[in-house]
Amino acid sequence: MHIIHLHHVTVNYTGRDIFKDLTLVIGSRDRTGLVGPNGAGKSSILRLITGAIKPDSGQIIIQNGIHIGYLQQDVELTAGNTLYQEAMLLPPQLAALEQELQAIEQHIANPDVYSDSVTLSTALEKQDALLKQYDRLNGTRHTAQVKKLLAQLGFCEDDYELPVEALSGGQKKLLALVRLAVAAPDVLLLDEPDNHLDMIGKQHLERFIHAYPGAVWIVSHDRYLLDEVATQILELENGKITTYHGNYTAYTTQRELGRLRQQQQYVAQQKEIARIEAAIARFELWASMVVDERHIKQARSRRKMLDRMEERGDIIEKVTDAKKLGFELSGWRGSSKVLDMHNVAMAFDDELLFCDVNFTIRHGERIGLVGANGAGKSVLFKLILEEYTPYEGLIKVGPSVKIGYYSQEHQTLTAWLDKTPLDLVIKHKDGGEGQAVSFLMKMLFKYDQVRQPIRTLSGGE
């Protein structure tokens, strides 16, 4: 059963159509993966469904009573709260109902109301209706449901008192999902829910999505997650949606077969167009040599044939390969021994995070740092950057070594959000504007994006 319908929707942002005349539906039990290149408009579709942005044209039809939950790419938690306090925050509808129930209780306790049977009866009827609605929204089971979801997504009671600031990126994402799911929305829109999750966290997420009773739409670049949970894939590219039935592997197979067919049809059509154009040229030549109305009519007829193909949109586009990132790591060599760690330990409030860390990194090595969410991977990076001081041990960075840091949640871009990508590159890279634009285009930015504020870019961009 379809519960949400986007009908011929167009959204324009900073003078560019993100998508045009887009039509799609959401069914009550969908498990849909939404894929496409960075900046294609995947997050915009989710925000459009939630009403956060309005279409420039078209309609969004949502069935009455449908509740939508939206997990954004970058989650916001309440500073100073513990994990449990944050999880227990009431969903907006439930919080509003609690306020109404408190107000009606105070109203009923008023002696003037209590002594007036008609007014009291009306108040009690309203209270009964509110209590039924409160029960439908799981208000009476809220605490039990929160604990159940926390356990389902991998948290244990030992985690309850952790401050939200101490949580890893993956833990923050799962905690935000708990807060969202406790309201049991009919449709869950998950924008890159797997970001920063370890393998165990991803398994918890997969099981949660499988068991969820409503519809789930997922924006993700993780083919393994989409293979596990998706029953259909929607590809958004160049403002158009194409639907593929099955999981991610089925999508890639169908897409490749479609591209092969398109290329074959393109080649065949180009041969036919070349044949028609050669015939036009031949008839025009004959008409110029021998003034013959018959040759002129034949040339016009074939020219109209080509024009009609263009008007009807029958011209098959050539298949082009996706652009690849032109990233080259060509940093200053500095020392041959890049980093040494000797017996490093780190603790917060006397809670030991890790100890006896020893390793050496040499020039040219490529190292993957893995471990469970909350194990201290980001903390280790911040120790190297000298943002934290080790509890004990020694960290030695080689002479002349320069360190670049790519943070989980784009914190290194915070001061640049109102600047442009071009401003940032010119500030940090030698060379003029032309070289900076060329560098950005190798990193897959379009020419018109290099001069727009960084805050307008997608998460991936």
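Which residues in α3 meet which residues in α5?

**View 1. Contact of helices α3 and α5 in a predicted model.** In α3, Leu94, Leu97, Glu98, Glu100, Leu101, Ile104, Glu105, His107 and Ile108 meet Thr119, Leu120, Ala123, Leu124, Lys126, Gln127, Leu130, Leu131, Gln133 and Tyr134 in α5, where contact means heavy atoms within 4.5 Å. The residues of this contact divide into 11 nonpolar, four polar and four charged (Ala, Val, Leu, Ile, Met, Phe, Trp, Tyr, Cys and Pro count as nonpolar, Asp, Glu, Lys and Arg as charged, and the others, Gly among them, as polar).

**View 2. Crossing of α3 and α5.** The axes of α3 (residues 92–109) and α5 (residues 117–136) come within 10 Å and cross at roughly 160 degrees, which makes α3 roughly antiparallel to α5 (angles over 145 degrees, on a scale from 0 to 180 degrees between N-to-C directions of lines fitted to C-alpha atoms over the stretch in contact).

**View 3. Lining of the second largest pocket.** About 560 Å³ of space lies in this pocket, and of the 22 residues that line the pocket, the closest to its centre are Tyr70, Pro92, Ala176, Arg179 and Leu180 (on a 1 Å grid with a 1.4 Å probe, a pocket is an open set with protein on both sides within 12 Å along at least five of seven lines, and lining residues have an atom within 4 Å of a point). Whereas β5 (68–71), α3 and α7 (169–181) each supply at least two lining residues, the largest share, four residues, comes from β5 (helices are DSSP runs, H or I, of at least four residues, and strands, E, of at least two).

Residues are numbered from 1 along each chain as its sequence is written. Local features need pLDDT of at least 70 and side-chain atom pairs pLDDT 80 or more, while totals for chains, interfaces and linings use all residues, and side-chain values use heavy atoms, leaving out hydrogens and water.

Definitions and conventions. Parallel < 35°, antiparallel > 145°, perpendicular 65-115°, else oblique. Left-handed = near helix turned anticlockwise from the far one by under 90°. Points joined across faces, edges and corners; volume = space filled by probe spheres on them.
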